[in-house]
Amino acid sequence: MTITADIAQKYRQHIMPTYAYSGLVLTRGKGARVWDADGKVYLDFQTGIAVVGLGHCHPEVTRAVQEQAARLVHVSNLHYNENQALLAEKLAGLFSGGKCFFCNSGAEANEAMIKLARLRGQGQGRFEIISLTQSFHGRTLAALAATGQTKYQTGFEPMPEGFRHATFNDLESVRAAVTDKTSAILVEAVQGEGGVVPGQQDFLRGLRALCDERDLLLLCDEVQCGMGRTGRWFGFEHADIRPDAFSLAKALGNGYPIGAVVAGPRAADVFQPGKHASTFGGSPLACAAALAVLRVIEAEGLVARAAEIGARFQERLRSMVGRYEHVREVRGLGLMVGLVLDQPARPLTDRLAEMGLLAIPTAESVIRFLPPLTVKDGELDEALDIIEDAVAEHHGAPREEATP
Ligand SMILES: Cc1ncc(COP(=O)(O)O)c(C=O)c1O
């Protein structure tokens, strides 16, 4: 039995089948590349679904984790720990002030924001959260209730009450959903799982104005689009707005699990002792990883680089629209990019993997590319050549060649 077959067998026997597995066993990673158990190498434009933003095993993060693991891994939040203070100071600085709450995942960070909004609205009977169609906020029950895609909710009904959905990029629909029970609006500046759909600037600004007008909290889910990926530190910056709070996870620890809520003045002091907690949240080790991530992003100028190479990546992908049948559109910001087809994306992502490039099929017909922010120019070109070859093979030769 091969290693891959052996591991697949163990999965079938002992792992709950919550995922549609690719069949690959990944054993090693360095920068933009990962290796499978047979030694085959791939360009990784999945980055663990927007987690490994600095590439695999970035030496600075590895060193920070190793050193911290030898010093102090965990203390309870009954005590201060220096790394948590430093990380909060750093994140608040990126947001021009504010306070943080640390946890372990995106869903948990969103749960914290939902609880915070309920607590703030409690005195006035305001508990409803308005979220948007095609959004994704995580798999815990409240985050799932906020998620605007029924396919994730089916089978888990009844959903917790207090969630209403309005149409993404349609301000009037959000306005119509506001009631005297509304406490907050929750939005992704760029929807990831929904198919890489950027929020229009007017829409996001309109949400900010609506929240100001009705004294609601504007909550941004930056779990996927945050940490520099879109070419700004946070996705909401593209619309020049400031939410009352936002959630982070995924790329914050470059693979070491950590989630965070960063809150501005209207939300920073809502939680008081006993109202919310997380055993592992903000441990010295998790915060050491995140501090290293922030240092590297700043030292290597990766936010600007994501904007610059993202534009180049998108431009060449865009040149395929219209030239190949079935390639309809390129969407995204920076290095959060979707190639929209008019047919299921999975066969093409499977072929890309065979050809050595990992990408993610999303929202049925979108191929989502999430390269590391550290991807080299040559690696980007290599990926683009693979994509063009795979698209040509799947969708016929380029139009100008096909029609003499
Ligand atoms: C926008 C967004 N929010 C929340 C989550 C959930 O994060 P986690 O899987 O860390 O709970 C995800 C995961 O894909 C996400 O993309």
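Modeller: Helices (H or I, at least four residues) and strands (E, at least two) are DSSP runs, numbered from the N terminus. The model is predicted: local features need pLDDT of at least 70, side-chain atom pairs count only at pLDDT 80 or more, and totals for chains, interfaces and linings use all residues. Residues are numbered from 1 along each chain as its sequence is written.

Colleague: Where is the place of glutamine 124?

Modeller: Helix H5 covers residues 106–121, and strand E5 covers 128–132. Glutamine 124 belongs to the loop between H5 and E5.

Colleague: Is glutamine 124 buried or exposed?

Modeller: A residue is buried if 20 or more other C-beta atoms, placed from the backbone, lie within 10 Å of its own, exposed if 12 or fewer, and partly exposed in between. Glutamine 124 has 11 other C-beta atoms within 10 Å, so this residue is exposed.

Colleague: How many Å apart in space are glutamine 124 and serine 183, C-alpha to C-alpha?

Modeller: In sequence, glutamine 124 and serine 183 are 59 residues apart. In space, their C-alpha atoms are separated by 9.3 Å.

Colleague: As what does glutamate 172 count, buried or exposed?

Modeller: Glutamate 172 is found in helix H8 (residues 171–177). Its C-alpha lies 9.4 Å from that of glycine 206, which is 34 residues away in sequence. Because glutamate 172 has 10 C-beta neighbours inside 10 Å, it counts as exposed.

Colleague: From which helix does the largest share of the shell around the ligand come?

Modeller: The ligand has 15 residues around it (C-beta atom, placed from the backbone, within 6 Å), of which Ser105, Gly106, Ala107, Gly138 and Val223 come nearest. By class, the shell holds 5 nonpolar residues (Ala, Val, Leu, Ile, Met, Phe, Trp, Tyr, Cys and Pro), 3 charged (Asp, Glu, Lys and Arg) and 7 polar (the others, Gly among them). The largest share, 3 residues, comes from helix H5.

Colleague: What order do the strands have in the open sheet with mixed pairing?

Modeller: Strands E2 (residues 33–36) and E3 (residues 41–44) pair (at least two DSSP bridges) in the antiparallel sense over 3 bridges, with valine 34 opposite tyrosine 42. E3 also runs parallel to strand E15 (residues 357–358), joined by 2 bridges, and aspartate 44 has leucine 358 as its bridge partner there. Strand E1 (26–30) and E15 are the edge strands, each pairing on one side only. This sheet of 4 strands has the order E1-E2-E3-E15.

Colleague: Which residue takes a positive phi in the hairpin of E2 and E3?

Modeller: This hairpin has 4 residues between its strands. The positive phi, near 90°, is taken by glycine 39.

Colleague: What order do the strands have in the open sheet with antiparallel pairing?

Modeller: Strand E14 (residues 336–341) pairs with strand E17 (residues 366–369) over 4 bridges in the antiparallel sense. Valine 340 stands opposite valine 366, and leucine 339 stands opposite isoleucine 367. On another pairing, 3 bridges join E16 to E17, where isoleucine 360 faces arginine 368. The order of this 4-strand sheet is E13-E14-E17-E16.

Colleague: Which two residues point the other way from Val366 and Arg368 in E17?

Modeller: Val366 and Arg368 point one way from E17, and all four residues of this set are buried. Those pointing the other way are Ile367 and Phe369.

Colleague: At about what angle does helix H12 run to E16?

Modeller: Helix H12 (residues 346–354) lies across E14, E16 and E17. Angles run from 0 to 180 degrees between N-to-C directions, with axes fitted to C-alpha atoms, for helices over the stretch in contact (C-beta atoms, placed from the backbone, within 7 Å). Relative to E16, helix H12 runs at about 175°.

Notes: Two residues are in contact if their C-beta atoms, placed from the backbone, lie within 7 Å.
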